[in-house]
Amino acid sequence: MNPFGTLLLRDLKLAARSGGGAALALSFFALVATLVPLGVGADLKLLARVAGGILWVAAVLSALLSLDRLFQGDFEDGSLEVIALSPLALEMTALAKIMAHWLSTGLPLTLLSPVLALLFNLDVAPTVTLFLSLLIGTPAVSAVGAIGASLTLSLKRGGLILPLIILPLLAPAVIFGAGAVRLVLDGMGSGSALGLLAAFSFGAVLLSPFAAAASVRLNLGG
Amino acid sequence: MQFLFRYANPHNFMRLSGAVLPFTAIGAALALIAGLYLSFSVPPDYQQGRTVTIFFIHVPAATMAMGTYIAIALCSLLSLVWRHPLSDTAARAAAPLGAMFTALGLITGALWGKPMWGTYWVWDARLTSFLLLLFIYFGYMALWSAIEDEAKAARAAAILALVGAVNIPIIKYSVDWWNTLHQGSTVTAFKMAAVYYPPFFTMLLAYSLLFATLWMIRIRTAIVERRARNLMQGAAA
């Protein structure tokens, strides 16, 4: 088996078997969505109006939960150095970790989103748009998050500084993702927003492995 | 390039900046006095009235806020690609100044917004992207101070600064797009009358000189601090 696939599979297994990574993020996602009506009231019209934004913000925050461990566990037990010595380029290692993170959080969050959209009284058309926007946009969350995770991997309390670093950089994903849902609610096409979101996501997935690899290298090199 | 590296040596930098510093400091003070005097003596705008004075404090702050980020990004590039030793110190020293200019831009914007728009804060595209810029500055400074090993902190911060430099235009664009989604811009184009140019450019000069002065002082302080630390370590060993 090729090294990229091996690493991807290993990270997926680790995510599944240690502390139930996906289940934790999903429960958090659902919990935030449950608290919102308690905060803003049970007006179904209002809830449908804000659903896109709330679920997008909640999805980003849920994906953040497991991000700080993206490189940290491997760094602490030394396996990151062994992986760095393997023939796999560090950029591809970063890409494999981004993909593993997305498959274990971004994708499950996306799959759960229609159920939560139901609780927010969202119609079928905007629900489909929300689903598509999360499907397109959550890889960007994992990719930009990987930069933050690699920059903070040697910090004991990196989990605190990580959101401060990456949340401002993720503003475009939230804007285009939630914007697509709002466009549909207003009876307009969501193509422009989804297209821009796809562009942002592609760019992030394409470029962030380089930034993440550079900062992993500096943390290993000393 | 060679010119830049001549002052990479902290000793050369200390000598040059020590000679330049009094001039920029006095220049900043004079320009600030002249600029403030001019700002308060212009005739009131036919629409904005007396509040036009805020413009001369607000816009240069916003310009400097963005300019400082560009300076940090360039320093970071110098440090990552050419290992220019002083540029890390320069980038770190500039960050709090940039954050201060951003905060000043936001505060004066809010004070201006109250009489103009009737509210301190509107989710206008420009205000929103500036708020995000402030958080980017905070994240950059937090990363610097969180990593103990100074060489590692410098390179990590440089990577973050460059990632931010790529992302800031995208954020700016996306916020503009978001703002036009539901409502047209509430800010009408501000076409300036000729009388408003002298105070504006004087204030811009004052801000630039002030930035140069504070930046040099901060870099010098960092250099002296490092020397003192090295001396103390030498004495202990």
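**Exercise 1.** Work out which pattern chain A follows when read along the sequence.

*Solution.* In this predicted model, where local features need pLDDT of at least 70, side-chain atom pairs count only at pLDDT 80 or more, and totals for chains, interfaces and linings use all residues, chain A reads α-α-α-α-α-α-α-α-α-α. Residues are numbered from 1 along each chain as its sequence is written, while chains are lettered from A and ligands numbered from 1 in the order in which they are written. Chain A has 10 helices and zero strands, these being DSSP runs numbered from the N terminus (helices H or I, at least four residues; strands E, at least two).

**Exercise 2.** Determine how helix H3 and helix H6 of chain A pack.

*Solution.* Begin with the geometry: H3(A), residues 44–65, and H6(A), residues 90–119, pack at an angle of about 150° with their axes 11 Å apart, where axes are lines fitted to C-alpha atoms, for helices over the stretch in contact, and angles run from 0 to 180 degrees between N-to-C directions. That makes H3(A) roughly antiparallel to H6(A) (a term for angles over 145 degrees). Next, find the residues: the contact (C-beta atoms, placed from the backbone, within 7 Å) involves, among others, Ala51(A) and Leu55(A) of H3(A) and Gly106(A) and Leu109(A) of H6(A).

**Exercise 3.** Find what share of the 222 residues in chain A is buried.

*Solution.* Counting a residue as buried if 20 or more other C-beta atoms, placed from the backbone, lie within 10 Å of its own, buried residues make up 53% of the 222 in chain A. As for extent, the C-alpha trace of chain A spans about 55 × 35 × 30 Å along its principal axes.

Definitions and conventions:
Parallel < 35°, antiparallel > 145°, perpendicular 65-115°, else oblique. Contact = placed C-beta atoms within 7 Å. Buried ≥ 20, exposed ≤ 12 C-beta atoms within 10 Å, placed from the backbone.
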